[in-house]
Every structure is written in C-alpha cells, then in structure tokens.
Amino acid sequence: MSITDQLLEAVLLYGLPVLFGVILIASVGVPFPISMTLVAAGSFAKQGEMKLVPVIIAASIAAILGDQIGYGLSRWGGRRLIDRITRRLGGAAKIKRAEAVSKKWGGPGIFFSRWLVTALGPWLNFTSGMARYPWRRFIVWDAPGQVLWVVLYVTLGYIFSDRVQYIAEILGNLAWAILALTAAIILGFRLVRYFRPARFARSL
Amino acid sequence: MKKLTWRQSLVAVAFLLSLSLGIFFVIRAVRPAIYWHYHQDEPIRGWMTMGYVAHSYHVPPYVLHQALGLPEKPHDKRPLREIAKAQNRSIDEIRTALLEAIVQARRPYPASPSPPTNPEASP
C-alpha cells in the first residue's frame with residue numbers, strides 16, 4: 001500500500017489535524033505526496049466530508065509555519081555549520097557572493113517555488129535561511145505564494161472532484177516540466193551568449 | 001564557428017538534458033489528460049470511501065452499498081481497504097463487485113441477450 005493511500009485515508013478519517021500536520025511536515029522538507037493530498041481535500045470538501053474554508057485556512061497556516069521552521073533551522077543551525085567550515089577551509093567570499101545573489105533574486109524565487117515549482121520549496125527555505133535572507137522579506141514573499149498554492153490546488157480538487165488522481169498526476173508532472181524548461185531557458189541564454197558575445201553585450 | 005571550451009560544452013549538454021526532461025514531463029502531464037478524455041472513470045483505490053466512488057462514478061451510493069451488502073450510512077468514512085478487511089475479502093474482490101454494480105446502474109445499459117440454451121451443460 002502506497003504512502004499516498006495511507007495519507008488520504010488518514011485525512012478522511014481524522015480530518016483537519018492530520019491535514020495540518022502532513023502539510024507542516026512536508027513544508028519543512030519531508031517528501032510527502034502533498035499535492036495529491038491537497039487536491040483530494042478539495043474533493044472531500046465538495047462531497048461534504050470536509051469544509052472548504054477551514055481546509056484552506058488550516059493548510060495555508062501549516063504550509064507557512066513549515067516554511068518558517070525550515071528557514072529557522074537553516075538560519076540558526078545550518079549557518080553555524082557553514083561558519084565553522086569557512087573558518088577552516090576558507091571560501092567566505094563565495095558565501096558572501098551567494099548571500100548577495102539570494103538577497104537580490106531570492107524574493108521571486110521564494111514566491112514561485114511556493115506554488116509553481118513546488119518541488120523546490122523546501123530547498124529555497126534552507127538556502128534563504130543559510131544566506132540570511134531577511135526574515136520579514138522572506139515571509140512577505142512566502143505567505144502569499146503558499147496561500148495561492150493552497151487555494152489553487154484545493155479549488156482544482158473541488159472543481160474536478162470526481163477525478164483527483166488525474167488532476168494530481170497532471171499537476172505533479174507540470175511542476176517538473178516547468179522546472180526543467182525554466183532551467184533550459186536559463187541555460188539557453190548562456191549558450192546564446194557564448195556564441196554571440198558582442199551582440200549580447202550591445203543588447204544589455 | 002568558435003570551438004567550445006569544456007565548460008561551454010557542459011552548459012550545452014545541461015541545456016539539452018533539461019530541455020528533453022521538460023518535454024518528457026510535458027508529455028507525462030498531457031497523457032493523463034488524454035486518457036481522462038476518453039476514459040471517464042478513475043481506477044478504484046483502497047483509500048477511497050464508498051461516498052467517493054459513488055461521487056467519482058456518478059452513481060447513487062445505495063447501489064454500491066447494496067453491492068457489498070452494507071446498510072447505507074450517509075457519512076461512512078471507512079476507506080475501501082477497511083471495508084475489505086471487515087468483510088474478509090481482498091480489495092480486488094471489492095473492486096470487482098463495485099464495478100459490476102456500477103455497470104448495472106448506468107442507464108444506457110443494453111439488455112443482455114439470454115444465454116444460449118445448452119441442455120447438456122445445465123445441471
């Protein structure tokens with residue numbers, strides 16, 4: 001029996017507390033089949049087994065809270081580890097540069113990894129914490145993205161309540177497709193720059 | 001055309017790899033959508049409740065309850081796996097029984113022809 005089956009059974013039997021716990025743990029970084037659970041919760045709401053608004057509120061709070069835990073762990077735990085490593089092996093300048101990049105581009109990255117490329121979510125919590133991305137700014141990008149994610153998935157489950165398995169499968173694959181194609185676009189730009197350095201420089 | 005350094009060729013390989021991965025996942029995403037267009041029903045799984053199956057297959061719940069010989073309860077939250085365990089049956093048997101009832105319940109069900117009479121086979 002798969003973990004998806006077990007999760008869905010537990011959500012059906014015990015309702016919101018289980019949904020809350022599962023999403024919290026998954027947001028910290030445990031790879032639970034969380035998209036399927038959210039879509040199914042939307043379907044259960046449609047069938048009257050759960051209530052729509054409490055599902056959305058509980059899932060959103062759990063997701064945001066889980067992100068803060070991931071961020072906090074890496075900021076105060078992981079950071080100490082990094083400091084110890086750089087003191088011994090050097091490379092502090094590189095870490096500084098990574099921090100600068102994170103501060104500059106981190107926001108949209110955090111936002112889009114909440115709902116569009118969800119597989120990256122926990123990773124960005126960790127890197128944001130490690131890079132000391134300001135916590136207030138983190139939560140400003142994080143919270144709307146998570147609410148959007150929850151509303152999107154639960155609503156899709158609510159609308160297509162009689163075929164949650166297909167919806168979850170489509171969404172899961174689309175998320176990976178977007179991730180891979182985004183990488184392809186970034187790498188593609190780099191390739192273009194290799195071939196046409198002068199023209200690219202002019203256009204900047 | 002310039003010759004690529006090893007680093008540039010690495011970028012080229014990564015580009016092709018991510019592009020093909022992207023296409024692969026797009027196809028995987030489109031496939032269930034197509035399947036779902038032609039086959040309306042999703043497979044019955046152990047986590048589903050009677051209510052969910054009835055909802056998904058658009059049949060009245062009592063049809064399914066009758067098929068398993070259960071009294072009709074409006075919010076029976078037991079998953080099929082539990083019901084199977086309680087009835088000492090496998091989930092496959094449960095699935096077969098439900099599908100049979102669903103086929104019977106759907107209206108444009110053609111009246112099956114009476115079986116050919118074969119005096120030797122009948123007891």
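A: Let's start with chain B, where residues 24 or more positions apart account for 54% of the contacts with a separation of 6 or more (a contact is two C-beta atoms, placed from the backbone, within 7 Å). Keep in mind that this is a predicted model, in which local features need pLDDT of at least 70 and side-chain atom pairs count only at pLDDT 80 or more, while totals for chains, interfaces and linings use all residues. Residues are numbered from 1 along each chain as its sequence is written, and chains are lettered from A and ligands numbered from 1 in the order in which they are written.

Chain B has five helices and zero strands (DSSP runs, H or I of at least four residues for helices and E of at least two for strands, numbered from the N terminus). Of its 123 residues, 20% are buried, meaning that 20 or more other C-beta atoms lie within 10 Å of their own.

Leu19(A) counts as buried because 25 other C-beta atoms lie within 10 Å. Leaving out residues up to four places away in sequence, Leu19(A) touches Val11(A), Ala41(A), Val55(A), Ala58(A) and Ala59(A). Leu8(A) is eleven residues away in sequence, and its C-alpha is 9.1 Å from that of Leu19(A).

Take Val55(A) from that group: beyond its neighbours within four places, its contacts are Leu19(A), Ala41(A), Ala45(A), Met50(A) and Val154(A). Val55(A) also turns up in the largest nonpolar core, which has 50 residues (a core is a set of buried Ala, Val, Leu, Ile, Met, Phe, Trp, Tyr and Cys joined through C-beta atoms within 7 Å). Among the residues with the most contacts inside this core are Ile23(A), Ala41(A), Val55(A) and Val53(B). Helix H3 (residues 34-46) of chain A supplies the largest share, eight residues. Another core, of eight residues, lies apart from it and includes Tyr71(A) and Phe138(A).

Finally, the place where the chains meet: 28 residues of chain A are in contact with 29 residues of chain B. On the chain A side, helix H1 (3-14) and helix H8 (164-195) are the elements giving two or more residues, and H8(A) gives the most, with 17 residues.

How values were computed
Buried ≥ 20, exposed ≤ 12 C-beta atoms within 10 Å, placed from the backbone.
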